[in-house]
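Subject: Structure handover

Hi,

Here is the structure I promised to send over. My notes on what turned up in it follow below.

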Amino acid sequence: MTRLITRQKLIQWAPFLVLVVLMLVFTAINPAFFSLRNFGRIAISSTPALMVAIGVTFIIIMGSIDLSMEGTISVCAVVFGYLFLQWGGTLFSSAWIAIPVTLLLGAFLGLLNGAVHVLLRIPSFMASLAMGFVGTGLAVMMTSGEKIFVKDDAFRSLVTLRYFGFPVMVYLALLALLIAWLIQSYTTLGRNFYAVGGGEELAHASGLNVKRVRITGFVLAGVFYALAALFAVGKIGIAESITGANFMFISITSVVVGGVALWGGTGGVLNSLVGVLIVNVIDNGMVVIGLPDYVQDGILGVLVVTAVVLSTDRRMISVVK
Amino acid sequence: MDFQRLKPHLPWITLLILVAIVGTADDTFLKPANLLNLMGDIVPLFIMALGLTFAIYIGGIDLSAQSMANLITVVATIYLGSLGGWVALLCVAVGAGLGTLSGYITTKLMVPSFISTLATGGIAISLSQYLSGQRALNMDAAQRDAVFGWMIAKTGPVPHELFIAAVLLAIALFVERRTTLGRVLKAVGAGEPAARASGIDVARYKILAFAISGGLAAIAGLIFSVKLSGGAPAIANGFLLPAIVAVLVGGTPLTGGVGGVLNTAIGTMIVAVIRTSMLYFDIEATAQQMVFGLVLIVAIAVTIDRAKLRTVK
């Protein structure tokens, strides 16, 4: 006999159900929540966070973790700001080159991060935490705390130019999501991420170069962090050493709440999309129904623990550190 | 002499070399008054690192220490007026309570400690913002001096914070070397499955370790808020990195089991000397975080026991 609702299925759909229930609750309390205007607001605040979440999703699928995003984003944002202004200050000059250069920089920082983790054989949470500190420190050093204003109208059209109520950057983010989904589902690299996460020793024994897969994962994550930096700068028009602040907690919460298991091997970027939306709907909804926003960190803390607990198959682990 | 035999001695050798370098570069550095001030200033950091040592000693980590200290500066500032000296007890209770929560989530709910403590840290941030109304608060100066003035006073040239640090270190050392708790924590750090197989209630002792870490982070927060005569939800930001660095360069590796609180005392002094040397050698203050980040990577890479990691995730 097969049961219609298995534990597996429930866990798979739980994040989506949570999102729907949250939206219904907020709408019931204040109908203004359910409007195109408000959805536009949620979409804008979700965009940079989604890029970070996608990046770290690849890492978590491998069973590792990346805590370096705040540093990488800040460095990318600051370097982008300087180069963009240096090279003309508007998209219609050669300053557009700053965009691909920033993406390359993200890839390079990811490479460093992955190399420290894999080649020095340091657990990823600590290697990436330390690299994140270095990144933030580098951004502080480059700016001395100054802000860099990127006021170019063409670049800011990321957020000012709207189609069907949503700004351009939302569509670009969806495109990036599509690319990430294609990488995850239809490339060897994507399958290798799952192979490493599902069982590293098995993957190694079947001839996979696990080290190379891991490092490539961190490089890919770095590129998405750089995208997040571009969107974050586009959103407010300012690049500074704290552009990356708070992304660590928010993005990891999103990924885990979206249903990607910390142990690796399951979930994917679509889970992370749902997770990012849950986090941002809570954030937005609390303001709409008139609750103070500082409750958010606490609620996220409770959510993330709940999500990890629900997704953990207790028979499989013996030691938790 | 091979590296493995040298390894346990690296921390104090590093400290001596650093002191020698800075001492020759700047002759005011080695004056006793300067050294005492230097050590007095670093006491809140030392106490936080002392707590972290317990979490790292069992192979875990406590990323909530900084948020905890932030919360405690707010709690101490708000309740000093109504509770007087008893506020210290409240602070330690809050810290140990949240630490217990981290420990419970880690052991009973099987959430890795870096996530559980990150989550507890989130709760601490929310609490501190709620209690403070997201503002910086000031202590009533007269009351602070009456209740906690002794903490920041001096006997001759010796700042009283050093006595507090010494007492806490002595207690921690006693717990580590002379109690069942200390032995069990070492067993857990050295090999948790073996510790469990020999009939130890591992979960209970791990929860205690996180509670101690929380309680000490709270004391660090309390002393910090007394020093600054106030509290705010982000006032202790920037503590976490040097505190982790202090534990690791002291010689307690991330994999746990070796090292201990005495090592952390040496590690904290190394952090203090590096900080001061940056001033003397005219390295910008903004470079400090990057330097400590790099030191952290080197420290982990040198101290970590790779035999304990079957796969490096």
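First, a term: a helix crossing is called left-handed if the near helix is turned anticlockwise from the far one by less than a right angle, and right-handed if clockwise. Helices here are DSSP runs (H or I, at least four residues), numbered from the N terminus.

Some housekeeping: this is a predicted model, in which local features need pLDDT of at least 70 and side-chain atom pairs count only at pLDDT 80 or more, while totals for chains, interfaces and linings use all residues. Residues are numbered from 1 along each chain as its sequence is written, chains are lettered from A in the order in which they are written, and side-chain values use heavy atoms, with hydrogens and water left out.

Chain B first. The crossing of α13(B) and α15(B) is left-handed. Helix α13 of chain B covers residues 240-250 and helix α15 of chain B covers residues 288-303; their axes lie 9 Å apart at an angle of about 30 degrees (axes are lines fitted to C-alpha atoms over the stretch in contact, and angles run from 0 to 180 degrees between N-to-C directions). That makes the two roughly parallel (angles under 35 degrees; over 145 is roughly antiparallel). The contact (heavy atoms within 4.5 Å) includes L241(B) and I244(B) from α13(B), and F292(B) and L296(B) from α15(B). By class, its residues are 10 nonpolar, 3 polar and no charged (Ala, Val, Leu, Ile, Met, Phe, Trp, Tyr, Cys and Pro are nonpolar, Asp, Glu, Lys and Arg charged, the others, Gly among them, polar).

Over in chain A, α11(A) and α13(A) also have a left-handed crossing, at about 40 degrees with axes 9 Å apart. Their contact has 9 nonpolar, 3 polar and 1 charged residues.

Then there is the pair α7(A) and α10(A), whose axes come within 12 Å and cross at roughly 175 degrees. These two are therefore roughly antiparallel. Among the residues that meet there are M169(A) and L172(A) in α7(A), and F224(A) and K235(A) in α10(A).

On to charges: the structure holds 7 salt bridges over all chains (a side-chain nitrogen of Lys or Arg within 4 Å of a carboxyl oxygen of Asp or Glu). One of them joins R214(A) to E200(A), with the closest N and O atoms 2.4 Å apart. It links helix α10 of chain A with helix α9 of chain A, 14 residues apart.

And how many salt bridges are there between chain A and chain B? The count is 0. Still, 51 residues of chain A are in contact with 48 residues of chain B.

Cheers

Conventions:
Parallel < 35°, antiparallel > 145°, perpendicular 65-115°, else oblique.
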